[in-house]
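Visitor: I would like to learn how to read this model. Please take me through it feature by feature.

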Amino acid sequence: MARVKWLCSHKKTTLLVCFFNIAVALYVLRSLYASLYIYSGNVSRNVVSYNPDQIRKMEESMQIRKEYKPVELIKLVKALEREFSRENLVVELPRHLKQEIIDEILQRLRSLNSSDTDNAKEREAVENWRKEKLKEVKLALVKGTSNSTIPHEEAGLLVRALESDWAGFCEEVGLWIPVQVANEEHDDKPEGTEEFEEEVLPGRPLSPECHPELHTDYDGAAVRWGLTHHKDSAADCCQACLDHARHAKEGEKKCNIWVYCPSEFGCHSPDIYQHKHQECWLKYAEKPRLNFKDKYPESYRNSHPSAPVIVPWVSGVIG
């Protein structure tokens, strides 16, 4: 009898626990539903509604902005950007074609009378060659009947290099001819005095004992390193060599070679250093010997890909 009573009380307890769990679950569901309802109500209340007059004014404002938009100016700016982007593209000529052009330019420069040639004549000779070559290539490109040996597919590149990218091409191959400096002259010299009219390099004229040579690099033992020895002009570099030789002590090597970098882009050398504009090297050699003259050999450029075609240095042997 006691066992029956115990089973009945156990069932009642189980039923009470189940009813309690169901009540808690219903309460939780009701709370979630109420929070969702409140959130949706807040969202609906936050929606902004415009009346027809406000909508009309916004449309008018957008229309006014469109009418005053500088359409023609935007088109002009985009056209200029496209033009500048085309001009900034570097023309890359084939190696053999580049070599042929350099050989022709050097041949034209060598044809000048070296004893009666200044910078202006050299620049004029190169410019005349450029115009003649450009005319020849354009004729070959249009008619295809020119005597030019340049293939038709390479003629377009050459026209662009000679016409719109000439300065970049000269920089790439290392062709550098100093600009003729027009100095103001004063008529205060005694009569009969000879004037040194030829200016080989920018800056003050070099004295005759400097013996300057363009596109030349002489070898020798350095008596003053150019990495930390800069001069404003080739004439100043030559004068530094003369002063060094004049004040050298007994037993010391006297400067008899000066080597100057006139290029604003620096000068190439096979060593590990980066040689910059206005470097002035003072050297000594019992028998001065050339490192490079006019242009670097093709074999040298094959082993030194960063070397330009034309030697950028200016040198002179004193004495």
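Visitor: Which residues have the most contacts inside the largest nonpolar core?

Guide: A nonpolar core is a set of buried Ala, Val, Leu, Ile, Met, Phe, Trp, Tyr and Cys residues joined through side-chain atoms within 4.5 Å; buried means under 20% relative accessible area, exposed over 50%, partly exposed in between (1.4 Å probe, protein chains only). Here the largest has 23 residues, and Leu93, Ile101, Ile105, Val126, Trp166 and Leu175 have the most contacts inside it. Two or more residues come from each of α4 (95-110), α5 (119-142), α6 (152-163) and α7 (166-173), helices being DSSP runs of H or I, at least four residues, and strands runs of E, at least two, numbered from the N terminus. The largest share, 6 residues, is from α4.

Visitor: What does Leu175 touch, leaving out residues up to four places away in sequence?

Guide: Contact means heavy atoms within 4.5 Å. Leu175 touches Ile105, Val126, Cys170 and Ile310.

Visitor: Where does His215 lie, and is it buried or exposed?

Guide: Most residues other than glycine have a negative phi. His215 has a positive phi of about 55° and lies in the loop between β1 (212-214) and β2 (216-218). His215 is buried, at 10% relative accessible area.

Visitor: What is the average pLDDT of the chain?

Guide: pLDDT is the predictor's confidence in each residue, from 0 to 100. The chain averages 78, and 78% of the residues score at least 70. Over residues 192-199 the pLDDT is below 50. Where pLDDT is low, the predicted coordinates should not be read in detail.

Visitor: What conventions apply?

Guide: This is a predicted model: local features need pLDDT of at least 70, side-chain atom pairs count only at pLDDT 80 or more, and totals for chains, interfaces and linings use all residues. Residues are numbered from 1 along each chain as its sequence is written, and side-chain values use heavy atoms, with hydrogens and water left out.
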